[in-house]
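Visitor: I am new to this structure. Could you walk me through how to read it?
Guide: Gladly; let us look at it together.

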Amino acid sequence: REDITYMDETKANVETAVSAAKALVGQENATDAEVSAAVKNLNDAIAKLVIAADENAFNAAIAQVRES
């Protein structure tokens with residue numbers, strides 16, 4: 001989703017996995033094992049995405065709790 005910001009490291013891992021998978025596209029000599037590994041790596045990277053905290057929202061929530 002474009003409205004969510006992810007932690008840089010986890011986003012970079014997905015981008016790396018996407019690049020590796022794209023490199024296999026069109027390779028006539030790509031093996032089933034290479035394709036399977038690329039798909040697995042991409043799925044693993046997506047599963048490990050971490051949403052970055054919104055510092056402003058966090059601070060607002062803390063302030064609200066303190067006011068209660």
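This is a predicted model: local features need pLDDT of at least 70, side-chain atom pairs count only at pLDDT 80 or more; totals for chains, interfaces and linings use all residues.

Visitor: Is T10 buried or exposed?

Guide: The idea is to look at relative accessible area, where under 20% means buried and over 50% means exposed. T10 has 14% relative accessibility, so it counts as buried. A polar atom of the T10 side chain also lies 3.2 Å from the backbone nitrogen of V50.

Visitor: What about other residues of helix α1, such as K11 and N13?

Guide: K11 is found in helix α1, and N13 lies in that helix too. K11 has 42% relative accessibility and therefore counts as partly exposed. With 41% relative accessibility, N13 counts as partly exposed as well.

Visitor: How do I read distances along the chain against distances in space?

Guide: Take two residues, note their separation in sequence, and then look at their C-alpha atoms. N13 and N41 are 28 residues apart along the chain, and their C-alpha atoms are separated by 9.2 Å. For K11 and Q64, the separation is 53 residues in sequence and 31 Å in space, C-alpha to C-alpha.

Visitor: What does the C-alpha trace span along its principal axes?

Guide: The C-alpha trace of the protein chain spans about 65 × 15 × 15 Å along those axes.

Visitor: What share of the 68 residues is buried?

Guide: Buried residues make up 10% of them. As for the surface, the accessible area of the protein chain comes to about 5700 Å², and 54% of that belongs to carbon and sulfur atoms.

Visitor: How far apart are the mean positions of the positive and negative charges?

Guide: Here you compare the mean position of each kind of charge. The protein chain has 6 positive and 12 negative charges, and their mean positions are 4 Å apart.

Visitor: Could we look at one helix in detail?

Guide: Let us take helix α3, which runs over residues 55-67 and has 13 residues. To read its length, go from the first C-alpha to the last: helix α3 reaches 18 Å, close to the 18 Å expected at 1.5 Å a residue.

Visitor: What happens at the start of α3?

Guide: There, a side-chain oxygen of D54 reaches to within 3.1 Å of the backbone nitrogen of N56. D54 is found in the loop between α2, residues 32-47, and α3. The relative accessible area of D54 is 47%, so D54 is partly exposed.

Visitor: Where does A60 lie?

Guide: A60 lies in helix α3. With a relative accessible area of 46%, A60 is partly exposed. A60 and L42 are 18 residues apart in sequence and 35 Å apart in space, C-alpha to C-alpha.

Methods: Residues are numbered from 1 along each chain as its sequence is written. Side-chain values use heavy atoms; hydrogens and water are left out. Helices (H or I, at least four residues) and strands (E, at least two) are DSSP runs, numbered from the N terminus. The expected span of a helix is 1.5 Å times one less than its number of residues. A polar contact is a pair of N or O atoms within 3.5 Å; within protein, one must be able to donate a hydrogen and the other to accept it, and residues adjacent in sequence count only if both atoms are side-chain atoms. Buried means under 20% relative accessible area, exposed over 50%, partly exposed in between (1.4 Å probe, protein chains only). Accessible areas come from the Shrake-Rupley method with a 1.4 Å probe; for residues, only the protein chains shown count as cover. Lys and Arg count as positive and Asp and Glu as negative; His and the chain ends are not counted. The place of a charge is taken as NZ of Lys, CZ of Arg, CG of Asp or CD of Glu.
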